[in-house]
Amino acid sequence: MTSSIKRQCGDCTLCCKVMAIEALSKPVNVWCAHCRPGRGWAIYAERPPECESFSCLWLVNDLLDEQWKPSRSKLVLTTSEDGLEVRCDPGFPNAWRKHPYAAEIREWAVAGETNDMTVVVIVGQRMILVTPDREFDLGIVGPDERILRKLDGTKVVGATAAEETDLGRT
C-alpha cells in the first residue's frame with residue numbers, strides 16, 4: 001500500500017507497546033525496553049528488522065485522517081492474512097468503542113463481510129470479532145489458534161477459536 005502523503009511516527013510510539021517483538025522477546029501490551037514513550041527508540045539505528053519494516057495503517061493509508069493516529073486514537077491498525085486488526089492500548093480498553101472509531105470499525109465489518117474479510121479488535125489479550133450485526137468476544141486467542149466463523153451465506157452467525165492443528169480434523 002502506498003501513500004500520497006508522507007507521514008511519520010513523530011511522537012507516536014504505541015506500536016512499541018501493543019505489538020510483540022519476537023527479536024527482542026517482547027510480549028504484547030508492555031512497553032519495549034528500548035522505547036522512550038512519546039519520543040521514539042533509544043536504539044533507533046540498531047532496531048530489529050521487524051520494527052524497521054513495520055508501518056501501521058495510519059502511516060500508509062491516506063483514508064485514515066489525523067484522528068486515527070495511534071497516539072491520539074489509542075488504536076494501532078494492522079492487516080492480517082484475512083482482514084483488519086484493531087489493537088487497542090490496554091490502558092484505554094474502550095477507545096475502539098468511542099466516536100468516531102466505533103462507527104468506522106462497524107463500516108469496515110460491513111465491507112469485510114461481503115469480501116470474506118474479518119475485523120478483529122484486540123483488547124489486552126482478548127479478541128473480539130466485529131461483524132455488521134454483532135460482536136463475538138472470543139476471549140484469549142493463542143498464537144496457534146484461528147478464528148472459525150459460522151456463516152449463513154456471507155453473514156457471520158457464530159464464531160469460536162480453535163487450535164490450528166485441530167482445523168483439519170472432522
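Trainee: Which residues is V130 in contact with, leaving aside its neighbours within four places in sequence?
Mentor: This is a predicted model. V130 is listed with the residues that have the most contacts inside the largest nonpolar core. Beyond its neighbours within four places in sequence, V130 is in contact with W96, I105, R106, A109, V119 and V121.

Trainee: How many residues does the largest nonpolar core have?
Mentor: Those with the most contacts inside this core are W68, L75, W96, I105, V121 and V130. In soluble globular proteins, nonpolar side chains tend to be buried together. Here the largest such core has 27 residues.

Trainee: Which element gives the most to this core?
Mentor: Several elements each supply at least two residues: α3 (57-60), β3 (75-80), β4, α5, β5 (118-123) and β6. The top contribution is 4 residues, and the element that gives it is α3.

Trainee: How many salt bridges does the count come to?
Mentor: One is formed by R97 with E135. Another joins the side chains of D133 and K155. The count comes to 8.

Trainee: How far apart in sequence are the parts that R97 and E135 tie together?
Mentor: R97 forms a salt bridge with E135, with the closest N and O atoms 2.9 Å apart. R97 lies in the loop between β4 (83-88) and α5, while E135 lies in strand β7 (residues 135-140), so the pair ties together parts separated in sequence by 38 residues.

Trainee: Is E135 buried, partly exposed or exposed?
Mentor: Buried means under 20% relative accessible area, and exposed means over 50%. E135 has 27% relative accessibility, so E135 counts as partly exposed.

Trainee: Where does K155 lie?
Mentor: K155 meets D133 in a salt bridge, 2.3 Å from N to O. The pair links distant parts of the chain, 22 residues apart. D133 is in the loop between β6 (126-130) and β7, and K155 is in strand β9 (residues 155-163).

Trainee: How far from E113 is the nearest side chain of opposite charge?
Mentor: E113 lies in helix α5 (residues 101-114). E113 is buried, yet has no salt bridge. A salt bridge needs the nitrogen within 4 Å of the carboxyl oxygen. The nearest side chain of opposite charge is K155, at 6.3 Å.

Trainee: Which residue has its backbone nitrogen 3.3 Å from a polar atom of the side chain of E113?
Mentor: Not counting residues up to four places away in sequence, E113 touches P132, T154, K155 and V156. The backbone nitrogen at 3.3 Å belongs to V156.

Trainee: How far is the backbone nitrogen of E22 from a polar atom of the side chain of E50?
Mentor: E50 is in helix α2 (residues 49-52). Leaving aside neighbours within four places in sequence, E50 is in contact with A20, I21, E22 and A23. From the backbone nitrogen of E22 to a polar side-chain atom of E50, the distance is 3.1 Å.

Methods
Residues numbered from 1 in each chain as written. Predicted model: local features only at pLDDT ≥ 70, side-chain atom pairs only at ≥ 80, totals over all residues. Heavy atoms only, no water. Contact = heavy atoms within 4.5 Å. Polar contact = N/O pair within 3.5 Å; in protein donor to acceptor, adjacent residues only side chain to side chain. Buried < 20%, exposed > 50% of the residue type's maximum accessible area, 1.4 Å probe, protein only. Lys, Arg positive; Asp, Glu negative; His and termini not counted. Core = buried A, V, L, I, M, F, W, Y, C linked by side-chain atoms within 4.5 Å.
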